[in-house]
Amino acid sequence: MDTTLDDGHEELGRIARQLFEARCPLATVRQLEQDDLGYLPALWEEMAGLDWLSLTYPEALGGSGGTLVDLSVIYQELGRSLVPSPHLASAVIAGEALVRDQSSRHHDLLASMVAGRAIVVPALMEEDAGFGPDAVNLPSRATPAGYEIDGTKILVPYAHVATRVLVAARSQAGPDGTTLFLVDPAADGVAITPMPNIADIPLFAVTFDSVVLSSEDVVGEIGQGWSLLGPALDRATVLRCAEIVGAGKQLLELSVEYALQRKQFGRPIGQFQAVQFLCTDIAIDTHLTELLCHQAAWRLDNGLPARREVSMAKAQASRAIQRIVHRAHEVHAGVAFMVETDVQLYTRRAKHWEFDLGDARYHDDMIAAGLEV
Amino acid sequence: MDFAFTAEENAFRQEVRAFLDAELPPDKAFNHEFNEDPDLWRFAFEFTRKVGARGWIGLTWPVEYGGLGRTQTERLILAEEFTARDAPMVNAIGWGLAAGALLVGGSEEQKKRFLPGIAAFDRFWAEGLTEPDSGSDLASLSTRAERDGDDWIVTGQKTYTTWGHHADVMFLAARTDPEAPPHHGISVFCLDLNAPGVSLAPLYNMAGGRQNHTYLDGVRVPGTMLIGEEGKGWSYIMNAFYAGGGAGARHAEMRLMLDEVINYCNTTTRGGVLLIKDPIVRSQLAELELMVETERLLSYESLSNATNRRPPQFGGALGVVVSKENKPLFAQTITKIVGPLAQLRQESRWAPFDGGAEAWYRWSYANHAGGTSQVKRMVLATRGLGLPR
């Protein structure tokens, strides 16, 4: 029993932190909010060079034998530095789904993704903003030529730079009944509309108007999409939690630093218990999220059932990050409301993270489902 | 990183379970802390002696002091299993605080004289730290121990003396040097509660248990009953818990309670809907599951730090804040799920799961034992986060 990261993890974390601080300081994060691309292609290539786009894939598919715990260490640093990147969408959700496809149909595409040349983004959520297999209702219709899909997907990240969009469609009723298709965003009938959002990150609505697809575009088997997507989303969920942990750690540092340096009534405000307790709230929420996140990652790495643990991590993380940014604002008070202060960069992204990959309510429900007899 | 127990550790867990299967009546609840039923206490004493005969009271202590020299992890497993079965292993002040203080600061002679007896449960120890004017600020305690030849004469008042009326001796903290700074003038003793000058007055708690005021009026304590060295009592008290092999298994107690609630929700219908299908109840159950899980992980984390000789993070105060704050919250959330019937005592035939919701809520305000969460938050803020005092 040892709940703590190994020395190798700590070293990986230091490397990631130095890289992100050098390539993507918060000044760059601010610029990217106004940028058409919204991410740093050079850093993306660099991450490909470090094998970070395929860290946990099987070696035969370009992986390098890394674990989800390793990747979660990198994600803590992505969260700490607020690095905007299509990594979660492409390398984790789409990539891990493609890796699980038993056919070799998409191995060339996967190789391009591993090399940093292709980006594939998942299109899951629909206009009713539900999450999970039951919320996939965009219909796919079998036609003599193949398949046709119609409908709209929302909150699709980085669709504007995607080589392919991985669309979850409903091909039949039933416990799964979903099918995954790879769709060229430049194909006839596909329209991409930006969705301006609080985090100022690239999110899009993607509309499919009788888009024609062939059996070559199917990922996995017809009607069994969730069997590929589910495990990929579990991994992504853990990593999103790790990102939240990294952001929490940074907000704790910023808040403690500010409480030490800011003087009112002739003393540092960090001497007031009311302020101290706000800081301890951040420490507790961040730390508990980290423990849950590590446990879930470790279980997935060891092939153990982790549905409950993944949902526990995200149910905690979604609530925790809201409480954390709230406390950070209370410590910093008026100055955190000012755009020039870094706290608000975290606040605005936290609202995206809270809902991404299932909100607390969704994961509460998953936890409760495991308690039903 | 490894969140699993080893095969040997799992085998020990099975051994503990087999012992409990053999020794515990299947249909009896104990919760000796809040119960004055003499039959239960008799059983608890017998049971604890059997645990001692097995060598498990001093599981982690060196063999030469009556221990078995086993690991902290096995101690945690023992605590988890005992807690999960509500097994009445009494004398926590003896095997936790007193033994811990002896292991931290006792002389070789003291360890050999006291520890084998504690490991066999020869005497029942009461707690003698808190005073009416020294609670959170324990280091301000004013009970005096003055030298008289080789002996000490003790005068003062202790309070919240849990188990005092069942106990033979008291683990006493008294001021031996009023001139020294508060933390350096305290010594700890083993005080005979049958000695002349000791009197107890009952103090009943809302959980249904008895604590006590303990009056010490010129009580003579032999010099041999000083534990460790004079003036170092404070550091022993601070380090005793883990040294004695104490392992927090509060999560196992929470699990026990929550499983009752889950069973209730799976079998109880309100307004034609099973409680477990109610979306609000589902969120409340998830919240309770998270409290149990995070406390379990915190317990494993402090175990990992102890076994790998790493200093605890956050000044060692984070887990204790969580646990103290969760305790009433946990009980309150259960009463919200159960609803109006949560006010019914065990004696009512309408009380769900034997009145658990009602009783646990009353018990939950025992969370201030060992210091308030606010004091622990101050430690977390200053020692853990580096904020100024």
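## Two chains in contact, and what lies inside them

In this predicted model, 36 residues of chain B are in contact with 38 residues of chain A. On the chain B side, the elements that give two or more residues to the contact are helix H7 (250–267), helix H8 (279–307), helix H9 (318–338) and helix H11 (373–384). H8(B) gives the most, with 14 residues. Sorted by class, the side of chain B that touches chain A has 22 nonpolar, 8 polar and 6 charged residues.

Next comes chain B as a whole. Chain B has 11 helices and 10 strands. Its C-alpha trace spans about 75 × 50 × 45 Å along the principal axes. A compact globule of 389 residues would have a radius of gyration near 21 Å, and the 22 Å of chain B agrees with this. Of the 389 residues of chain B, 46% count as buried. Contacts can also be sorted by how far apart the partners lie in sequence. Among the contacts in chain B between residues at least 6 apart in sequence, 72% join residues at least 24 apart.

One pair of helices in chain B can be followed in detail. Two packed helices are described by the angle between their axes and the distance between the axes. For helix H1 (residues 7–23) of chain B and helix H3 (residues 72–84) of chain B, the angle is about 35 degrees and the axes are 10 Å apart. The crossing of H1(B) and H3(B) is right-handed. H1(B) contributes Glu9(B), Phe12(B), Arg13(B), Val16(B), Arg17(B) and Leu20(B) to the contact, while H3(B) contributes Thr73(B), Glu74(B), Ile77(B), Leu78(B) and Glu81(B). By class, the residues of this contact are 5 nonpolar, 1 polar and 5 charged.

Arg255(B) lies in helix H7 of chain B. Is Arg255(B) buried or partly exposed? A residue counts as buried if 20 or more other C-beta atoms lie within 10 Å of its own. Arg255(B) has 19 other C-beta atoms within 10 Å, and therefore it is partly exposed. Leaving out residues up to four places away in sequence, Arg255(B) touches Ala84(B) and Val292(B). Arg255(B) and Tyr300(B) are 45 residues apart in sequence, and their C-alpha atoms are 15 Å apart in space.

The second residue is Ala369(B), which lies in the loop between helix H10 (356–363) and H11 of chain B. Ala369(B) has 13 C-beta neighbours inside 10 Å, so it counts as partly exposed. The C-alpha atoms of Ala369(B) and Lys277(B) are separated by 37 Å, and the two residues are 92 residues apart along the chain.

Strands of a sheet pair through backbone hydrogen bonds, either parallel or antiparallel. An open sheet of 4 strands in chain A has the order S1-S4-S5-S8, with mixed pairing. Its edge strands are strand S1 (120–123) and strand S8 (218–219) of chain A, each of which pairs on one side only. Within this sheet, strand S4 (residues 164–170) of chain A and strand S5 (residues 178–183) of chain A pair in the antiparallel sense over 6 bridges. Val165(A) has Val183(A) in S5(A) as its bridge partner. Helix H7 (residues 225–261) of chain A packs on the sheet and touches S4, S5 and S8 of chain A. The direction of this helix makes about 75 degrees with that of S5(A).

Another open sheet of 4 strands in chain A has the order S2-S3-S7-S6, with antiparallel pairing. Which strands form its edges? They are S2 and strand S6 (190–194) of chain A, and each pairs on one side only. Neighbouring strands of this sheet are turned by 10 degrees against each other on average, direction ignored.

The pairs in this sheet can be taken in turn. Strand S2 (residues 140–143) of chain A is joined by 4 bridges to strand S3 (residues 146–157) of chain A, and the two run antiparallel. S2(A) and S3(A) form a hairpin with 2 residues between them. Ala142(A) has Tyr147(A) in S3(A) as its bridge partner. S6(A) is joined by 5 bridges to strand S7 (residues 203–213) of chain A, again in the antiparallel sense. Here Val190(A) stands opposite Phe208(A) in S7(A).

Notes: Residues are numbered from 1 along each chain as its sequence is written. Chains are lettered from A and ligands numbered from 1 in the order in which they are written. This is a predicted model: local features need pLDDT of at least 70, side-chain atom pairs count only at pLDDT 80 or more; totals for chains, interfaces and linings use all residues. Axes are lines fitted to C-alpha atoms, for helices over the stretch in contact, and angles run from 0 to 180 degrees between N-to-C directions. A crossing is left-handed if the near helix is turned anticlockwise from the far one by less than a right angle, and right-handed if clockwise. Two residues are in contact if their C-beta atoms, placed from the backbone, lie within 7 Å. Ala, Val, Leu, Ile, Met, Phe, Trp, Tyr, Cys and Pro count as nonpolar, Asp, Glu, Lys and Arg as charged, and the others, Gly among them, as polar. The radius of gyration is taken over C-alpha atoms; the globule rule is 2.2 Å times the number of residues to the power 0.38. A residue is buried if 20 or more other C-beta atoms lie within 10 Å of its own, exposed if 12 or fewer, and partly exposed in between; C-beta atoms are placed from the backbone. Two strands pair if DSSP finds at least two bridges between them.
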